[in-house]
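Thanks for taking a look at this one with me. Here are a few notes to read beside the coordinates.

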Amino acid sequence: MDPAAPAAPAPAAAADAEAEANGYEDAAEFEDAEAGGEGAEALATPASGDEEVTELPEELARGVVCLQCETSPEAAAAGAGGTCRVYVVGTAHVSQESCEQVKAVINYLKPQAVFLELCASRVAILAPQNLQVPTMNEMIDMWKKKKMNTFGILYSWFLAKVASQLEVLPGAEFRVAFEEAMSYGGKVILGDRPVQITLRRTWGKMSLWHRAKFLYYIIFQSIFLPSPEELNRMLKDMDDVDMLTLVIQEMSKAFPSLMETLLHERDMYMSSKLLKVAREHSSVVAVVGKGHVSGIKKNWQQPIQVKDLLELPVAEEGASKMKILASIGALSDEESMTAM
């Protein structure tokens, strides 16, 4: 999933209030629940924990990975049973077919909890919205108000351009999952790492030269996007990655650090959070991009230092806007010489 979906991050208090009003929990709130804090009360009535293990029919099982773990003693005593089954549904993010599969799997299983590859700053995706590519003035306004760093703004703009080509709202499968869970009283939990941390860690790992090169690269690529037909053909050919992971993989050829911060670190973070959620429930459906499924499975029940994944980079001095602009000019000259 796109870690930089164009949604303005809400303050913590506002996010908490919105969560209570709309029936989802952030991963941070769930940690409070584990400790017996105020977050311990479910925001929506969960389904019964006494149901027998359910196997998915073949037509729904495609792209779904099943994991399991022991539930906590407290959850077992509360009727969740001794084992939790986790069904990880991998989606293409900008695919109507993925939306239909997510809806069908949740409707069939009716799990106690639905885990989404979202954070509190991106909950706007769960509300009906129109497909809109940010204008230059809107991006400048976001930068002035420090809603996102430069990387996040340009990355969001590029992904919105891709989505507009396909005429599918990015993250529509999360809204489908949310609505389906609410229809029977399931609990919805936001389990991705906060987007601002992901963006700052990504930008912080780039050298000044790579930052300048990235600005040039993202603008160039957006001009020469494949046609909607080509994009849809690519979607059908992707077995184990989603559209956004494919974009990250392509970008990482020029910017190697992207795979680490945008994919691998989030795999570890979500695997750890999903395990904590699973230990408190009898069944969970996790809705994530296809590109995260193998990483979540690889890190399942492994020791992960979540605190390290939340550390912010130290701001470097001297990376002035003039230096970046000068670097872009040098890059443009280099491209021109190559073309001659």
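1. Lys-110 sits in the loop between α5 and β4. Its phi is near 45°, a positive value in a residue other than glycine. At 34% relative accessibility, Lys-110 counts as partly exposed; buried means under 20% relative accessible area, exposed over 50%, and partly exposed in between, with a 1.4 Å probe and protein chains only.

2. Before going further, a word on the source: this is a predicted model, in which local features need pLDDT of at least 70 and side-chain atom pairs count only at pLDDT 80 or more, while totals for chains, interfaces and linings use all residues. Residues are numbered from 1 along each chain as its sequence is written, and side-chain values use heavy atoms, with hydrogens and water left out.

3. A positive phi also turns up at Gln-301, near 60°, again in a residue other than glycine. The loop that holds Gln-301 runs between α14 (290-298) and α15 (306-309). With a relative accessible area of 40%, Gln-301 is partly exposed. Helices (H or I, at least four residues) and strands (E, at least two) are DSSP runs, numbered from the N terminus.

4. How do α5 and α8 pack, and at what angle? Helix α5 (residues 96-109) and helix α8 (residues 172-184) make an angle of about 20°, and their axes are 9 Å apart. Axes here are lines fitted to C-alpha atoms, for helices over the stretch in contact, and angles run from 0 to 180 degrees between N-to-C directions. The two helices, α5 and α8, are therefore roughly parallel to each other (angles under 35 degrees).

5. On the α5 side of this packing, Cys-99, Val-102, Lys-103, Ile-106 and Asn-107 meet residues of α8, among them Ala-172, Val-176, Glu-180 and Tyr-184; contact means heavy atoms within 4.5 Å. The residues of the contact of α5 with α8 comprise eight nonpolar, one polar and three charged. Ala, Val, Leu, Ile, Met, Phe, Trp, Tyr, Cys and Pro count as nonpolar, Asp, Glu, Lys and Arg as charged, and the others, Gly among them, as polar.

6. Do have a look at strand β6 (residues 283-289), which is mostly covered, with seven of its seven residues buried. Strand β3 (residues 83-91) pairs with β6 in the parallel sense over seven bridges, and Thr-91 has Gly-289 of β6 as its bridge partner. Strand β4 (residues 113-116) also pairs with β6 in the parallel sense, over four bridges, and Val-114 stands opposite Val-285 in β6. Two strands pair if DSSP finds at least two bridges between them.

Notes: Parallel < 35°, antiparallel > 145°, perpendicular 65-115°, else oblique.
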